[in-house]
Amino acid sequence: MRLKLILLTALAALTATGAAVAGNDNGNGNGQARGHGRAALYVFVGKLTATPSNGGVSITVEGGNRLALRSMLGQPITQTFAYGDRTEFLKWSKGVPTVVQPSDLAAGDYVRVNVRAPRRASLADVEQVQAGVVGDHGTQLYTPTQPLYLFRGKLTSVGTTEGVTLDVRTGNARAMHLLLGQPASQSFATGDETIFLLWQGKVPKVISLSQLTVGDTVVVRIRAPKASTLTEVESAAAVHVGDREPASSS
């Protein structure tokens, strides 16, 4: 599964941890972002596409905090962020960080990139600001504490502020067990940190809830306790909603 969005609910956990790491971020480097408003923290989480070099950290973004995800709307998921002499590189092992060099990070590792930039800065402007902290968490960000419920079906409606309704056609075993004896039409909650992706072939881009297209095949991923009822699963904000997601990615 290409996008392993174990995130909060997977992503909520990431943002909380990101905030803790951000406490070590004492500046936003030499770069200056164009834009207006007070500086705010942008947290991007994803896999390194290559060992950082030449002042750039390239990652396949899989999550982040609300500001980061908002800046990603309409953009490809692979992005490059600037680093410099004020950037601190950390490598985490068993919950303990060690200061390392950029060359100590390995392609395929999960990293968290913290950048401070004006609240209304564009993604391009954010990427020009030297990251405050780049944290390497290894090949697995963390072990999920809750099982995955995956539902795939035809999108029949989208809420004005949150929530999607699907005519569910398939899913993983855990999700299908909950649907035994239930109607195919089911509604699922979304939240501020749900990531929405539109797949165009094998390439996804970040979109918003309102950009989902009724009639498309959609995949909804939710993390919830093992003994949850269908109602409890549906009320937990989805981690990830993928529009036109290929079956091979599920």
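Arg244 counts as partly exposed because its relative accessibility is 44%; buried means under 20% relative accessible area, exposed over 50%, and partly exposed in between (1.4 Å probe, protein chains only). Asp216, at 13%, counts as buried. The two side chains meet in a salt bridge, with 2.9 Å from N to O. The term requires a side-chain nitrogen of Lys or Arg within 4 Å of a carboxyl oxygen of Asp or Glu. This pair links distant parts of the chain, 28 residues apart: Arg244 sits in the segment after β14 (240–243), and Asp216 in the loop between β12 (203–207) and β13 (217–223).

Arg221 and Glu245 also form a salt bridge, at 2.8 Å from N to O. Arg221 belongs to strand β13 and Glu245 to the segment after β14, so the bridge ties together parts 24 residues apart in sequence. Both residues are buried.

## Model and conventions

The model is predicted: local features need pLDDT of at least 70, side-chain atom pairs count only at pLDDT 80 or more, and totals for chains, interfaces and linings use all residues. Residues are numbered from 1 along each chain as its sequence is written, and side-chain values use heavy atoms, with hydrogens and water left out. Helices (H or I, at least four residues) and strands (E, at least two) are DSSP runs, numbered from the N terminus.

## The bridge from α2 to the β10–β11 loop

The whole structure holds three salt bridges. One of them joins Asp192 to Arg66, with the closest N and O atoms 3.2 Å apart. Asp192 lies in the loop between β10 (185–188) and β11, and Arg66 in helix α2, so this pair connects parts 126 residues apart in sequence. Asp192 counts as exposed, at 53% relative accessibility. Arg66 counts as partly exposed, at 42%.

## Nonpolar cores

A nonpolar core is a set of buried Ala, Val, Leu, Ile, Met, Phe, Trp, Tyr and Cys residues joined through side-chain atoms within 4.5 Å. The largest has 31 residues; Phe44, Val57, Ile59, Val113 and Val134 touch the most other members. At least two residues of this core come from each of β1 (39–48), β2 (56–64), α2 (66–71), β6 (110–118), α3 (123–128) and β11 (195–200). Apart from this core lies another, of 24 residues, including Ile207, Leu209, Val220 and Val233.

Phe44 has contacts (heavy atoms within 4.5 Å) beyond its neighbours within four places in sequence, among them Ile59, Ala68, Met72, Phe81, Val113, Leu123 and Val126. Gly63, Gly64, Ser71 and Arg112 are also in contact with Phe44.
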